[in-house]
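Q: Could you take a close look at one pair of packed helices for me and walk me through how they sit together?

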Amino acid sequence: MKGSISTDLGIITVDQDVIAKCAGSVAVECFGIVGMAVVSVKDGLVKLLRKESLTKGIQVSISEDNRISLDFHVIVAYGVSICAVADNLISNVKYKVEEFFGMSVDKINIYVEGVRVID
């Protein structure tokens, strides 16, 4: 489903991939996030995604009343507090997405798929 914003001049329709790309770019800038992840259905292995494929690690759903729900599959840095990283991710993504799109973020779920040591 696509999100829509009603203005005085008409209706703006926003695709889910655009929201996912914006949220993904904000997420990888957060402290403690190594990158987005995708789990292979075939063998169950977790793969770190490149910057070009950030949208594969994020699922976006938009309700009938234009409320956004986001699911992030992330890999975090070793030695950082996962709770602190998750709180930082939620607050940054919620603020930036709401400011950019003018639609409210209802829920953000974070799935930690792995931990990686950063040199």
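A: H1 passes H2 in a right-handed crossing, where right-handed means that the near helix is turned clockwise from the far one by less than a right angle, and left-handed anticlockwise. Helices here are DSSP runs of H or I with at least four residues, and strands are runs of E with at least two, numbered from the N terminus. This is a predicted model, in which local features need pLDDT of at least 70, side-chain atom pairs count only at pLDDT 80 or more, and totals for chains, interfaces and linings use all residues. Residues are numbered from 1 along each chain as its sequence is written, and side-chain values use heavy atoms, with hydrogens and water left out.

The axes of H1 and H2 come within 9 Å and cross at roughly 140°. That makes H1 oblique to H2, because angles under 35 degrees count as roughly parallel, over 145 as roughly antiparallel, 65 to 115 as roughly perpendicular and the rest as oblique. Axes are lines fitted to C-alpha atoms, for helices over the stretch in contact, with angles from 0 to 180 degrees between N-to-C directions.

At the contact (heavy atoms within 4.5 Å), H1 brings Val 18, Ile 19, Cys 22, Ala 23, Val 26 and Ala 27 to H2, including its Leu 89, Val 93 and Val 97. Among the buried residues of H1 are Ile 19, Cys 22, Ala 23 and Val 26, buried being under 20% relative accessible area, exposed over 50% and partly exposed in between (1.4 Å probe, protein chains only). Their cover includes strand S3 (33-39) as well as helix H2 (82-101).
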